[in-house]
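Please consider the following points while inspecting the coordinates. They concern a few side chains and their surroundings.

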Amino acid sequence: MVTSVAIETPNAAASLCIEVGTMCEAMTLDRRVTHTICVVRDDEHAPFTVLSPCGICQERLRYWGDDVMCAVSDNNQGEHPLFVPLRDLQPHHWTQVYPLAELEHYER
């Protein structure tokens, strides 16, 4: 398992999503990403909230395939977040028009 954090910057354009560090580490270690979850809270006393991957992170996650399981935002999260395959977040993704062999993707 690899984890990462969001980088706080005064210039929002220089910020990165929370998941980016983990994705970079997985690539460095030649590890396949199978699941992703983004957990945040407003302060140390606030409840935890699960955020679905943003569109940019969904594009990045496609490197590991459309079967990556993504925790998604759900108002009824309770103690168990809901995980769905990446393909369900974007059922009409542009990569569907290309053969998998033509796309850059993780191979082990």
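1. Once its neighbours within four places in sequence are left aside, His-93 is in contact with Glu-59 and Arg-62. The model is a predicted one, and these contacts should be read as features of that prediction. His-93 itself is found in the segment after helix 3 (86-89).

2. Is His-93 buried or exposed? Its relative accessible area is 4%, and because buried means under 20%, His-93 counts as buried. The side chain of His-93 also makes a polar contact, at 2.8 Å, with the side chain of Thr-95.

3. How many salt bridges does the count give? The count comes to two. One of them joins the side chains of Asp-67 and Arg-32, with an N to O distance of 2.8 Å. This pair links distant parts of the chain, 35 residues apart. Asp-67 sits in the loop between helix 2 (55-61) and strand 4 (69-72), while Arg-32 sits in the loop between helix 1 (20-28) and strand 1 (35-36).

4. The exposure of these two partners deserves a remark. Asp-67 has a relative accessible area of 35%, and Arg-32 likewise has a relative accessibility of 35%.

5. Asp-66 counts as partly exposed at 32% relative accessibility, and Arg-87 counts as partly exposed at 35%.

6. How many disulfides are there? The count comes to zero. Cys-24 is in no disulfide, and the nearest cysteine sulfur, that of Cys-57, is 10 Å away. Cys-24 is partly exposed, with a relative accessible area of 44%.

7. Cys-70 is in no disulfide either. For Cys-70 the nearest cysteine sulfur is again that of Cys-57, 9.7 Å away. What is the relative accessible area of Cys-70? The value is 0%, and Cys-70 is therefore buried.

Conventions
Residues numbered from 1 in each chain as written. Predicted model: local features only at pLDDT ≥ 70, side-chain atom pairs only at ≥ 80, totals over all residues. Heavy atoms only, no water. Helix = DSSP H or I, 4+ residues; strand = E, 2+ residues; numbered from the N terminus. Buried < 20%, exposed > 50% of the residue type's maximum accessible area, 1.4 Å probe, protein only. Polar contact = N/O pair within 3.5 Å; in protein donor to acceptor, adjacent residues only side chain to side chain. Contact = heavy atoms within 4.5 Å. Salt bridge = Lys/Arg side-chain N within 4 Å of Asp/Glu carboxyl O. Disulfide = S-S within 2.5 Å.
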